[in-house]
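Me: Hey, I've just opened this one and I'm new to it. Can you walk me through it?

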Amino acid sequence: MALKNKLTTTAALLAASYAFGSVAYADVCDTPSKLGDMGSFPGEVITIQGSLLGTDQEMLLNTVSCFEKATGAKIQYSGSRDFAALVVADMRSNNPPNIAIFPQPGLAADMAAEGHLVPIGDEAAAWMKDNYGAGSSWVDLGTYADANGNDHFYGFAYKMDLKSLVWYSPEQFEDNGYEIPATMEELIELSDQMVADGNTPWCIGVESGNATGWTATDWMEDIMLRTTSAENYDRWVSNDLAFNSPEVINAMELYGKFSRNDDYVAGGASSVATTSFGDAPKGLFTSPPSCMMHRQASFITGFFPDKGAEVARGEADAFYFPPFASGNLGNPVLGAGTLYTMAKDSPATRAFFKYLQEASAHEAWMQQGVFLTAHKGADLSAYATPLLRKQGEILANATTFRFDASDLMPGAIGAGAFWSEMTAFANGQDANTTADNIQSAWDAIK
């Protein structure tokens, strides 16, 4: 799958961004919101399996310790880079954990279809719809068909990632009199003003070794959510909406207005295909800066020259990649998130899923560091840094959330034709040919 490849490509930066985002804390369970009554389960063991390792694993264990203290239950967590293969083997051999943490909805859906997951329940789904930003989107992301084809809510989203961000230098914006744009129309106007002022608006790079092209797919996904409906986005992911449909070509051409405009891109449009995605944001920090803005997910701070310390010093910040005011599509957000599923039922396990609904369960991790949540009831003051708080506000205020499309498409498309053809687009191939070639790849695997 595309996500696995992307994570392999960016493994080194994650450690850097974790180090930057984490802060010292006394007691993670001392949260702004009071923890409710979780019940009493002295000595009962809840097994959890996932892919969280290193700092993420430490923060998870710190967070679930609050549930242990409150209930007397014991959490046994097993983390592995080979989580996907291990959890499938355990489930198929009838030896599942109580809880499996999936980084992708696709594998969770497969396990539900094979009958290996236990529905969390309609009550939890209703709670999420009412209490998460873009709650219906998160419910849909965790709803799958069982072995009989009946839909149930299986995946509770907890700990999100945000991609719809534009990075910039506050000092450069202030010196040039630039304001943060609230709409896509204003973002395009700002880009044009930067050109008129003799500045270059954007740094864009799509080179990433064997994964070259994935940053272009992220641009496409963000633009799709701002130019057509969420329903069409879903149809695009499943190819019910053909890749060479007018809606998709329109999004590609809009991306091209940013990426194939010599005046807009540092180094000119021809540099996009050969500039490493990790090197691209460094243009924000040169003297003079080679660009004013860079669209990329929250992890990119790990590739800044000083590994993200620029944010703490006020040298870099980010704003929401805005929607079109004329589109009436709300505040869409592109990103990802981990889904907690129940594979073996028990009263203590169900109490744990109740714990995940508590604002305190989110705040406990928020104050440790790298953690984002769409929980509208979580106290924003618990975020470890102002930038994390800003990103949390974006998630909480979202009206639509969608998972990275290339990660949901078949590997031959999402990590194959979509990547390679968007690279060809960066090298000058026209939008119609690019879209036709990707659609032909779809047709070949049907």
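Me: What should I know before I start reading numbers?

Reply: This is a predicted model, where local features need pLDDT of at least 70, side-chain atom pairs count only at pLDDT 80 or more, and totals for chains, interfaces and linings use all residues. Residues are numbered from 1 along each chain as its sequence is written, and side-chain values use heavy atoms, with hydrogens and water left out.

Me: What's the mean pLDDT of the chain?

Reply: The mean is 93, and 94% of the residues reach 70 or more. pLDDT is the predictor's confidence in each residue, from 0 to 100.

Me: And where is pLDDT below 50?

Reply: Residues 1–5 are below 50, and beyond near neighbours in sequence that stretch has 15 contacts in the model. Residues 7–24 are also below 50, with 37 such contacts. A contact means heavy atoms within 4.5 Å. Where pLDDT is low, the predicted coordinates should not be read in detail.

Me: OK, strands. Which way do the residues of strand 3 point?

Reply: In strand 3 (residues 99–102), I99 and I101 point one way, A100 and F102 the other, and all are buried. Strands (E, at least two residues) and helices (H or I, at least four) are DSSP runs, numbered from the N terminus. Buried means under 20% relative accessible area, exposed is over 50%, and partly exposed is in between, using a 1.4 Å probe and protein chains only. In a regular strand the side chains alternate between the two faces of the sheet.

Me: How many bridges join strand 3 to strand 1, and how many to strand 10?

Reply: Strand 1 (residues 45–50) runs parallel to strand 3, joined by 2 bridges, and I48 has I99 as its bridge partner. Strand 10 (residues 332–342) runs antiparallel to strand 3, with 4 bridges between them. There, A100 is partnered with T341. Two strands count as paired if DSSP finds at least two bridges between them.

Me: What about strand 7, how do its residues point?

Reply: L165 and W167 go one way from strand 7 (residues 165–168), V166 and Y168 go the other way, and all are buried. Strand 7 pairs antiparallel with strand 9 (residues 317–320) over 4 bridges, where Y168 sits opposite D317. Strand 7 also pairs antiparallel with strand 8 (residues 293–295), over 3 bridges, and here W167 faces H294.

Me: I clicked on K159. Is that lysine buried or exposed?

Reply: K159 counts as buried, because its relative accessibility is 8%. You'll find K159 in strand 6 (residues 156–162).

Me: What is K159 in contact with?

Reply: Leaving aside neighbours within four places in sequence, K159 is in contact with D56, G337, T338, W365, V370, F371 and L372.

Me: Switching topic: how many disulfides are there?

Reply: There are 2, where a disulfide is a pair of cysteine sulfur atoms within 2.5 Å. With bonded cysteines counted along the chain, the pattern is 1-2, 3-4.

Me: Where are the cysteines C29 and C66?

Reply: C29 is in the loop between helix 2 (11–21) and strand 1, while C66 is in helix 3 (residues 54–71), so this pair links distant parts of the chain, 37 residues apart. Their sulfur atoms are 2.1 Å apart, and the link is left-handed, with -95° about the S-S bond. C29 is partly exposed at 23% relative accessible area, whereas C66 is buried at 7%.

Me: And what does the pair C203 and C291 tie together?

Reply: C203 lies in the loop between helix 9 (184–196) and helix 10 (214–227), and C291 in the loop between helix 12 (246–259) and strand 8, so the pair ties together parts that are 88 residues apart in sequence. The sulfur atoms of C203 and C291 are 2.1 Å apart, and this link is left-handed too, at -105° about the S-S bond. C203 is buried, with a relative accessible area of 6%, and C291 counts as buried at 2%.

Me: Which residues line the largest cavity?

Reply: The lining is C203, I204, G205, T215, W219, F277, H294, R295 and Q296. Helix 10 and strand 8 each supply at least two residues of that lining.

Key. 1 Å grid on protein atoms, 1.4 Å probe; cavity = no way out; pocket = protein on both sides within 12 Å on 5 of 7 lines; lining within 4 Å.
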